[in-house]
Amino acid sequence: MVAVPGGEFLMGSDAFYPEERPVHRVAVEGFLIDAAPVTVGQFRRFVADTGYVTVAERPLDPALYPDADPALLVPGALVFRPSSGPVDLSDYRNWWSYTPGACWTRPEGPRSDTYTRGRHPVTQVAYEDAEAYAAWAGKALPTEEEWEYAARGGLEGKAFAWGDELAPGGRMMANSWQGEFPWQNLMQDGYAGTSPVGAFPANGYGLHDMTGNVWEWTCDRFTGGHERSPCCGPPADERIPRRIIKGGSHLCAPSYCLRFRPAARQGEAVDTSTGHIGFRCVMRAPRA
Ligand SMILES: [Ca+2]
């Protein structure tokens, strides 16, 4: 883990999406934070130690999903599938599909695996899965304020975790999506999906993959009412509580969804597991 010194910072951004406004000054106490998202390998040790079964691996209770097709009430998760060409960008179903059998060991469904992805961020983890891992590790999930403060790496008011330029000197600084979403993934950053943690430069605090690669759960409830960006997944079901996710992912296309930035935020339903959401943990000093 990396020690992040306490201090004040400008949180949010007035330059991008409404849910990030207004910029406001926030004070944060020092804390420790994982240098990278929790990996598949680390999550594997947690499951081996505890026998934990993730939300995506459990049967769904029909009482909780009265409107759902019973055929879909089987264990599974949301899987991204690129379209074969341009599609209606307002309909998430053009690239997201609920896939029976998809889970953290099989992120794209039963025919996929993670044998070569031990150092990639774990995905297909719902909020309570992240919480359970954190508790096992003797850690906690970050608040949104802690997360954004850490992601900024000591820079003040910059668009990205490394400054204001998207690709300084032509260098890709995070795993996002280059090309036309959701069909043309040019992979100028070298990766079509997730990437091994640490494949991109660390920020000013020595933290890797704070932005891009996978969105990360925070412990803060999302109470805003903004329209969810369809690239990030299904629209909110008001009956399901939401938590704030931060950092954007390998599916963030600058032409469509410029959210691999410290200020970017979305509200994610706590029961959602997808291939572009993971998490990292923090440790706080005990209060006297
Ligand atoms: Ca990429």
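User: What makes Asn175 (OD1) a donor of the calcium ion?

Analyst: Donors are N, O and S atoms within 2.8 Å of the metal, or 3.2 Å for Na, K and Ca; water is not among the atoms, so sites may look incomplete. The protein donors, including Asn175 (OD1), Ser176 (O) and Tyr191 (O), lie 2.3 to 2.6 Å from the calcium ion, so they meet the definition.

User: Why is Ser176 called buried?

Analyst: Buried means under 20% relative accessible area, exposed over 50%, and partly exposed in between (1.4 Å probe, protein chains only). Ser176 has 1%, so the word buried applies. Asp189 has 8% relative accessibility and therefore counts as buried too.

User: How do you know that Trp95 and Phe181 form an aromatic pair, and what makes it edge-to-face?

Analyst: Rings of Phe, Tyr and Trp (its six-membered ring) pair if their centres lie within 6.5 Å; planes under 30 degrees apart count as stacked, over 60 as edge-to-face and the rest as tilted. Here the centres are 5.2 Å apart, with 75° between the planes, so both conditions hold.

User: What makes the charged end of Arg259 sit over the ring of Tyr17?

Analyst: The rule asks for NZ of Lys or CZ of Arg within 6 Å of the ring centre and within 35 degrees of the ring normal. Arg259 is listed as sitting over Tyr17, 3.7 Å from the ring centre. Arg261 likewise sits over Phe16, at 3.7 Å.

User: What should I keep in mind about these values?

Analyst: Residues are numbered from 1 along each chain as its sequence is written, and side-chain values use heavy atoms, leaving out hydrogens and water. In this predicted model, local features need pLDDT of at least 70 and side-chain atom pairs count only at pLDDT 80 or more, while totals for chains, interfaces and linings use all residues.
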